[in-house]
Amino acid sequence: MSATTVRADPEPAVGGHPLRRLALAAILLAEIMDLLDTTVVNVAAPTIRRALGGGDSQIQWVSAAYTLAFAMLLITGARLGDLVGRKRMFLLGTLGFTLCSALCAASGSAGMLIGARACQGAFAALVIPQGLGIIRAVFPAEEMGQAFGAFGPVLGLSSVLGPTLGGLLVGSDLWGTGWRMIFLINLPVGLAAALLGARVIPADPGTAGARRLDLPGVAVLSAAMVLLVYPLIQGRELGWPAWTFASMALSLPLFAGFAALQRRRAATDRAPLVEPSLFRGRAFRSAIVVVALFSAGMSGLMLTFTLTLQLGAQWTPLHAGLTFIPMSLGIVAGAVASGAVLGARFGRRIIHAGAVVMALGVLALWATLAHWGLAVTTWELLPALLVSGAGMGLLMGPLFDIALAGVSEEESGSASGVLNALQQLGGSIGVAALGTAFLSWAPTHGPVTAAGWTLAATAAVLALVGLAAFALPRMPRAERQQH
């Protein structure tokens, strides 16, 4: 899920905008569109490959191109909202996302679809960062909690509907559109969000006296991310030539160069993309590790398990999508419980508990597949899916609140942007690494064994999440201030 905070924002509106609830509806429509597009494609990926052709890496790129482009430009999108105004960027991003959805649906080749998916991710990076600032501008302080409280159920419901909706749309073949309907459905949603936003979101001119966008920082950071993720996805199919390792190695000095560039810009009073002071604190460095590892494990798990059901057990997209309902319901239950009550009371201990419960659910999935093999049914998978989803929700509920508890108010915008970008980048790396591992092992060891090994790797990642979480602040910011 994408958290919407990416910058320090102005004081809340005193009286509130008269159309503020409709503005919230426009923001939530855009959030739903983004979240659904990160989940429905996994279910439809095998069908898309059969229709458009291409190798195994095409499945991964249809998903990874979106999240990689989103991660690359998320911080830039937040900064552009500062410079030219949040409403302007929200409308531009929403309309661009809708147009790119139409291009996805019209794709006649895997290459065109991957390019259109990257285009979707780029425009999503313009939309999502604007949500918090718009809400703070239109809602009075006494209604702020209710406004942000709407995000949990809406995003939780979207996570339930994502895989299921993907399976339904592909399986029903409405008007002969097949897999293309998973993108065509964005057209009415995107147009509704843009038209509603244009009508009800108040205009803002951008930050007075704002400094220029850090274009060198954008270029260096984007290049580093591409050099890291591209060879992870493409390497197995090409036989891991030397350039893939050289590319990954080259990304490291580029990340170091980006950090040096940000320090130099901050020292000379030029606005950096990322505040360098963030990385001095152990708590925030730990938050980076926790968010990236968790996102990698979650995204890799969803992709490889879907591939096991469809390519291994030969399930239809609809059957596979419906099978994810118990996991999605577990996510909603866990997130509501931890976000509403447990996170505020127990702090980071809920993150530890979520990592343990999710790991147990993942290991239970491994045991279920090992016992039943490819003859496994949805009912036999249900308990493990429910447990793993509940752990995922428990972990997700308080994660961003606790991760930002050690950050000053002046740094909160930059910190949120970094965490959101790492959430997306971690998802891309998880899809690349675990997807590559599964597709490498399945032909020689069989899909059940390959799934077992990737599930074991996911459980190991979750163990690292639990260990890294010990360096997080003990409690969210508000609870720390009360004691």
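How many residues does helix α13 have, and what does it reach from its first C-alpha to its last? Helix α13 spans residues 282-312, which gives it 31 residues, and it reaches 43 Å between its first and last C-alpha. That is close to the 45 Å expected at 1.5 Å a residue, where the expected span is 1.5 Å times one less than the number of residues. Helices here are DSSP runs of H or I with at least four residues, numbered from the N terminus.

A word on the basis of these values is in order. The model is predicted, with local features needing pLDDT of at least 70 and side-chain atom pairs counting only at pLDDT 80 or more, while totals for chains, interfaces and linings use all residues. Residues are numbered from 1 along each chain as its sequence is written, and side-chain values use heavy atoms, with hydrogens and water left out.

Helix α13 is mostly covered, with 25 of its 31 residues buried. Buried means under 20% relative accessible area, exposed means over 50%, and partly exposed lies in between (1.4 Å probe, protein chains only). After α13 comes Gln-314, whose phi is positive, near 65 degrees.

Turning to the cysteines, the structure holds one disulfide, defined as a pair of cysteine sulfur atoms within 2.5 Å. This bond joins Cys-100 to Cys-119, with an S to S distance of 2.0 Å. The two partners come from distant parts of the chain, 19 residues apart: Cys-100 lies in helix α4 (residues 86-105) and Cys-119 in helix α5 (residues 110-127). Cys-104 is in no disulfide, and the nearest cysteine sulfur, that of Cys-100, is 7.0 Å away. Cys-104 counts as buried at 0% relative accessibility, as does Cys-100 at 2%, whereas Cys-119 is partly exposed, with a relative accessible area of 24%.

The aromatic side chains complete the picture. Rings of Phe, Tyr and Trp (its six-membered ring) pair if their centres lie within 6.5 Å; planes under 30 degrees apart are stacked, those over 60 edge-to-face, and the rest tilted. The structure holds five such pairs. Among them is the edge-to-face pair of Tyr-66 and Phe-97, at 6.3 Å centre to centre and 90 degrees between the planes. This pair also links distant parts of the chain, with Tyr-66 in helix α3 (residues 56-84) and Phe-97 in helix α4, 31 residues apart.

Key
Helix = DSSP H or I, 4+ residues; strand = E, 2+ residues; numbered from the N terminus.
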